[in-house]
Amino acid sequence: MSNGLIRRAAITAVAHYVPEEVVPNSFFSSYLDTNDEWIRSRTGIRERRILRNGATSDLAVPAINKVLEQRGIVADDIDLIIVATVTPDMMFPCTACVIQEKIGAKKAWGFDLNAACSGFVFALETARRIVESGGANKVLLVGADKMSSITDYQDRNTCILFGDAAGVVLIEPTDDLNTGIIDAILHIDGSGAPHLNMKAGGSLNPPTHETIDKRWHYVFQDGKTVFKSAVVGMADVSAEVVERNKLTGADIAYLVPHQANLRIIDATRERMGISADKVMVNIDKYGNTTAATIPMCLSEWHAAGKLKKGDNLVLSSFGAGYTWGAILLKWAI
Ligand code: COA
């Protein structure tokens, strides 16, 4: 397979990790003007998990260890580590380096990828191209975010939405053309930046007392504006990736949507013409865990034995940037 011919890339192991501490909706109604009914009906979220001590790499490492064990390999077998995150342990070095050191993957190179809630989808397409071209044989793809580190717990518009988690997949080449990643449609649109961002901490607004007073080190979101773009963007790419591969909703075993809002997920499903039982949803338990949502769904459904080799899955996401996209793949495990 290393003779220069295009080869296919597939997910060959998957696992996730969520911290133990559960934060139910009632926590927020104890000090903010909100309530469980509003949060559930507007978002679909009942509770989320929070990592009190530790960083994004501490969410990722337990999930990575499960992936290595599942596949029967060791850290030294890994060629490449890609970490999709908007909450790196530090501005630099990248969290891929932190993780490489923690797991002892001595032969790996790696990097972080920032595409917010589309991070996993963008990183999966990146990993696929590197594996297809023969550039790597074993890629650890981490989608992990400690959203509690950038969430303003005084802002009821955003604090109810986010949670902490990690999902990890292993990407490897395959000869089996009934499995693997088939197609991807990815987009960015920087005109969305004013509506969903974290203004400070980068080179534009380095940390000052003023940036802290203005709460610029937290997620800002104009929810209504983002909602409108997300509904259209996620539905459009999800339908397009199915249609351009000459499939219909009936051919799709599962839609695996980014978990930002149950109403966005429902709109995407309806546009694709697929029934609710064919959509992976766990937003009720974890909220929006940014880069982790899609691999977490894959991990839970795989562990529950609900996925079959050859199943067509559509992964789709929308996030800050704006960034959005969809991937069609055939399940390989
Ligand atoms: N509890 C009670 N009321 C709340 C609230 C809360 N937690 N958060 C907001 N509200 C209020 C608003 O202040 C507003 O009040 P007003 O009409 O008096 O101004 C009202 O509820 C409606 O707010 P709105 O923002 O229109 O609600 P919404 O139905 O759009 O839901 C989101 C808000 C954030 C859940 C929703 O907009 C959303 O999911 N947006 C997209 C998220 C997304 O996809 N992000 C991309 C990936 S991260």
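**Figure 1. F28 and Y153 form a stacked aromatic pair.** In this predicted model, F28 is buried, with a relative accessible area of 0%. A pair of aromatic rings is described by the distance of the centres and the angle of the planes. For F28 and Y153, the centres lie 6.4 Å apart and the planes form an angle of 10°; the pair counts as stacked because planes under 30 degrees apart are classed in this way. The pair links distant parts of the chain, 125 residues apart: F28 belongs to helix α1 (residues 25-29), and Y153 to the loop between β6 (139-146) and β7 (164-174). Together with F27 and Y31, these two residues form one aromatic cluster.

**Figure 2. F318 and Y322 form a tilted aromatic pair.** The ring centres are 4.9 Å apart, with 50° between the planes. Both F318 and Y322 are buried. The structure holds six aromatic pairs, and the pair of F318 and Y322 is one of them.

Figure 3. Side chains of opposite charge can pair when their charged atoms come close. A network of salt bridges links E125 and R129 with R128 and E132.

**Figure 4. R271 and D236 join two helices through a salt bridge.** The closest N and O atoms are 2.5 Å apart. R271 is located in helix α8 (residues 262-272) and D236 in helix α7, so that the pair, 35 residues apart, links distant parts of the chain. Both residues count as partly exposed, R271 at 46% relative accessibility and D236 at 32%.

**Figure 5. K214 forms a salt bridge with E210.** The closest N and O atoms of this pair are 2.8 Å apart. K214 is partly exposed, with a relative accessible area of 42%. The structure holds 18 salt bridges, including the one between K214 and E210.

**Figure 6. Four residues gather in a patch of positive charge on the surface.** The patch consists of R42, K224, K228 and R263. Among them, K224 has its place in helix α7 (residues 223-243). K224 is exposed, with a relative accessible area of 64%.

Notes: Residues numbered from 1 in each chain as written. Predicted model: local features only at pLDDT ≥ 70, side-chain atom pairs only at ≥ 80, totals over all residues. Heavy atoms only, no water. Patch = residues over 30% accessible without salt bridge, like charges linked within 9 Å, V, L, I, M, F, W, Y side chains within 5 Å. Areas by Shrake-Rupley, 256 points an atom, 1.4 Å probe, with all protein chains shown as cover. Salt bridge = Lys/Arg side-chain N within 4 Å of Asp/Glu carboxyl O. Lys, Arg positive; Asp, Glu negative; His and termini not counted. Charge placed at Lys NZ, Arg CZ, Asp CG, Glu CD. Helix = DSSP H or I, 4+ residues; strand = E, 2+ residues; numbered from the N terminus. Buried < 20%, exposed > 50% of the residue type's maximum accessible area, 1.4 Å probe, protein only. Phe/Tyr/Trp six-rings, centres within 6.5 Å; stacked < 30°, edge-to-face > 60°.
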